[in-house]
Amino acid sequence: MNIWTCLKCGKCCSSFVRTGPEVLLIEKKFILDSLHDSKIKAHIKNNHLKLVDIRRQINTGYLPLIGNEPPKKCIFRSKSNLCMIHKIKPEICKIFPVEVISPTSIIIDSECPRAEKIMKELKNHKYPRYIRDKINTKKSITIEGVHFFDRKMSERN
Ligand code: SF4
Ligand code: SF4
């Protein structure tokens with residue numbers, strides 16, 4: 001299988017997101033609009049949550065989490081491990097387990113089962129287009145495996 005194909009294990013929606021996936025300003029409107037969807041409304045209600053609280057949390061710039069810690073899971077992860085806002089999910093989710101920190105620095109979340117293979121591929125300068133567009137391929141790129149959760153927590157402290 002192509003290593004760039006997600007295995008849909010759902011791990012990232014309940015591991016790296018223990019701090020809540022960040023939502024960019026341009027993504028926020030679409031995600032807030034999705035709260036009008038009847039399936040999403042029902043999902044929120046079934047989790048004993050209020051739409052108004054979910055909306056408020058999204059407005060802080062992070063998707064809300066549910067469940068007991070550890071690990072919590074993203075509110076938009078369905079019972080069958082699927083993303084309920086797949087088409088409009090935040091960039092950080094789209095490119096997981098990769099995060100381009102700067103044009104010369106990439107980190108990979110070691111919790112993703114594909115992390116090791118992806119790291120190997122990147123170290124061999126095999127970049128998919130969405131990564132190539134964000135880096136400076138003429139300079140040497142630092143590629144590092146990290147736990148996104150630990151990193152995000154230390155950033156917040
Ligand atoms: S942890 Fe990796 S393989 Fe699993 S769903 Fe997330 S991105 Fe896909
Ligand atoms: S938005 Fe979707 S892909 Fe991202 S963490 Fe939530 S359920 Fe997972």
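**Notes on a predicted two-ligand model**

1. The shell around ligand 1 is made up of eight nonpolar residues, one polar residue and three charged ones. Please keep in mind that this is a predicted model. The residues around ligand 1 come from several stretches of sequence: C6, L7, K8, C9, G10, K11 and C12, then F96 and P97, and then C112, P113 and R114.

2. Two of the residues around ligand 1 deserve a look at the backbone. F96 and P97 are joined by a cis peptide bond, with omega about 10°. P97 sits in the loop that runs between α4 (91-94) and β3 (98-102). F96 and P97 are also both listed around ligand 1, and F96 is among the residues with the most contacts inside the largest nonpolar core. I would check this peptide in the display alongside the ligand.

3. K8 is another residue around ligand 1. Its phi is positive, about 55°, although K8 is not a glycine. K8 belongs to the segment before α1 (25-34). Is K8 buried or exposed? K8 is exposed, because 10 other C-beta atoms lie within 10 Å and the cut-off for exposed is 12 or fewer.

4. Now for ligand 2. Eleven residues surround ligand 2, and the closest are C13, C74, R77, C83 and C93. By type, the shell of ligand 2 holds nine nonpolar and two charged residues, with no polar ones.

5. Helix α3 (51-59) and strand β4 (105-109) each contribute at least two residues to the core. Which domains does the core draw on? At least three of its residues come from domain 1 (11-89), and at least three from domain 2 (98-156). As background, nonpolar side chains tend to be buried together in soluble globular proteins.

6. Setting aside neighbours within four places in sequence, I75 is in contact with I54, L63, P64, L65 and I66.

7. G20 lies in the segment before α1. It counts as buried because G20 has 20 C-beta neighbours inside 10 Å, and 20 or more is the cut-off. Not counting residues up to four places away in sequence, G20 touches Y62, L63, P64 and L65. Between G20 and Y62 there are 42 residues in sequence, while their C-alpha atoms are 5.4 Å apart. K72, 52 residues from G20 in sequence, has its C-alpha 9.0 Å from that of G20. K72 sits in the loop between β1 (65-66) and β2, and counts as partly exposed, with 18 C-beta neighbours inside 10 Å.

8. β3 and β4 run antiparallel and are joined by four bridges, with a hairpin of two residues connecting them. V100 stands opposite I106 in β4. How do β4 and β5 (142-146) run, parallel or antiparallel? They run parallel, and five bridges join them. One of the pairs is D109 with V146 of β5.

9. N81 has a positive phi of about 65°, although N81 is not a glycine. The residue is found in the loop between β2 (73-74) and α4. N81 is partly exposed, with 13 other C-beta atoms within 10 Å. H48, which follows α2, also has a positive phi, near 60°. Helix α2 (38-46) itself is hardly covered: of its nine residues, the count of buried ones is zero.

10. Finally, the overall picture. The chain has seven helices and five strands, in the order α-α-α-β-β-α-β-β-α-α-β-α. Of the 157 residues in the chain, buried ones make up 20%. Taking contacts between residues at least 6 apart in sequence, 66% join residues at least 24 apart.

Methods: Residues are numbered from 1 along each chain as its sequence is written. Chains are lettered from A and ligands numbered from 1 in the order in which they are written. This is a predicted model: local features need pLDDT of at least 70, side-chain atom pairs count only at pLDDT 80 or more; totals for chains, interfaces and linings use all residues. A residue is near a molecule or strand if its C-beta atom, placed from the backbone, lies within 6 Å of it. Ala, Val, Leu, Ile, Met, Phe, Trp, Tyr, Cys and Pro count as nonpolar, Asp, Glu, Lys and Arg as charged, and the others, Gly among them, as polar. A nonpolar core is a set of buried Ala, Val, Leu, Ile, Met, Phe, Trp, Tyr and Cys residues joined through C-beta atoms within 7 Å. Domain bounds come from an automatic or database domain assignment. Two residues are in contact if their C-beta atoms, placed from the backbone, lie within 7 Å. Two strands pair if DSSP finds at least two bridges between them.
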